[in-house]
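Here is a short report on one protein model.

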Amino acid sequence: METFVHTWEYEGRTITFSWLGDVDIEPMRAYALAFTEDGQMLLVGDGQGEFEYWLPGGGIEAGETPEEALRRELMEEAAATIQAHKRIGIQRGHDPLMGTEHQVFYWCRISLASEFVPETEVTERRLVSPSEFLDRLFWGRKDPKAKMLLQQAIELDQQYEKQNHNAVDSNSGAFNGSA
């Protein structure tokens, strides 16, 4: 497994993000690299800048599984429904002030409601092509992990497409549905 470590200067402190891969650690947050049926990727933002977009997702509440939190967060932040998902892996974030937390990343296939009414800090959803993704994600060109996550998500989306086009038995366990 390739090691990805990235530091981010934020409000006078250095936050370190370390990629751990597909390890069995309980995460505190869940994020999606989410694709629509037509191959676009979902980013969300607060309308404060053209390049201030981030991955949809957020905190896992008490009693929720990471997948349940991801479903809730995508609905709250983007009026998006998960049709299928697959876990990519975990990163550890260490903030000298806030401590250490683990974050899980998923590939998702989503559908978007035609109407989006912002109810959280997210005020807009933006669809981008995979080729635009790293430029639009605020940390996309700063953190080398972003390119690795994008590559894995594209591969998973292509596998999902192939599986569905070939009418392979969807109960194979390769992808988890939202039901």
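**A buried glutamine**

Start with Gln 91. This model is predicted. Is Gln 91 buried or exposed? Gln 91 counts as buried because its relative accessibility is 4%, and buried means under 20%. Gln 91 lies in strand β7.

What does the side chain of Gln 91 make polar contacts with? The table lists two partners.

| Side chain | Polar contact with side chain of | Distance |
|---|---|---|
| Gln 91 | Gln 103 | 2.4 Å |
| Gln 91 | Lys 145 | 2.6 Å |

Gln 91 also has other contacts, if neighbours within four places in sequence are left aside. Among them are Phe 17, Ser 18, Trp 19 and Leu 20. Glu 101, His 102 and Phe 105 are in contact with Gln 91 too.

**The nonpolar cores**

Now turn to the nonpolar residues. The largest nonpolar core has 26 residues. Which of them touch the most other members? They are Leu 33, Leu 55, Ile 88, Trp 107, Phe 133 and Leu 149. Several elements give two or more residues to this core: strands β3 (29-35), β4 (41-45), β7 (80-95) and β8 (99-112), and helices α2 (130-136) and α3 (144-165). Helix α3 gives the most, with seven residues.

Take Leu 149 as one example. Leaving out residues up to four places away in sequence, Leu 149 touches Trp 19, Leu 33, Ile 88, Phe 105 and Trp 139. Trp 19 and Phe 105 are also in contact with Gln 91.

There is a second, separate core. This one has 22 residues, including Ile 60, Leu 74, Ile 82 and Ile 110.

How many of the residues of β4 are buried? Five of its five are, so β4 is mostly covered. In a regular strand, side chains alternate between the two faces of the sheet. In β4, Met 41, Leu 43 and Gly 45 point one way. Leu 42 and Val 44 point the other way. Residues on both sides are buried.

Which strands pair with β4? One is β9 (residues 124-128), which runs antiparallel to β4 and is joined to it by five bridges. Here Gly 45 has Glu 124 as its bridge partner. Another is β5 (residues 53-54), which pairs with β4 over two bridges, again in the antiparallel sense. In β5, Trp 54 stands opposite Val 44.

Note on methods. Residues numbered from 1 in each chain as written. Predicted model: local features only at pLDDT ≥ 70, side-chain atom pairs only at ≥ 80, totals over all residues. Heavy atoms only, no water. Core = buried A, V, L, I, M, F, W, Y, C linked by side-chain atoms within 4.5 Å. Buried < 20%, exposed > 50% of the residue type's maximum accessible area, 1.4 Å probe, protein only. Helix = DSSP H or I, 4+ residues; strand = E, 2+ residues; numbered from the N terminus. Contact = heavy atoms within 4.5 Å. Pairing = 2+ DSSP bridges. Polar contact = N/O pair within 3.5 Å; in protein donor to acceptor, adjacent residues only side chain to side chain.
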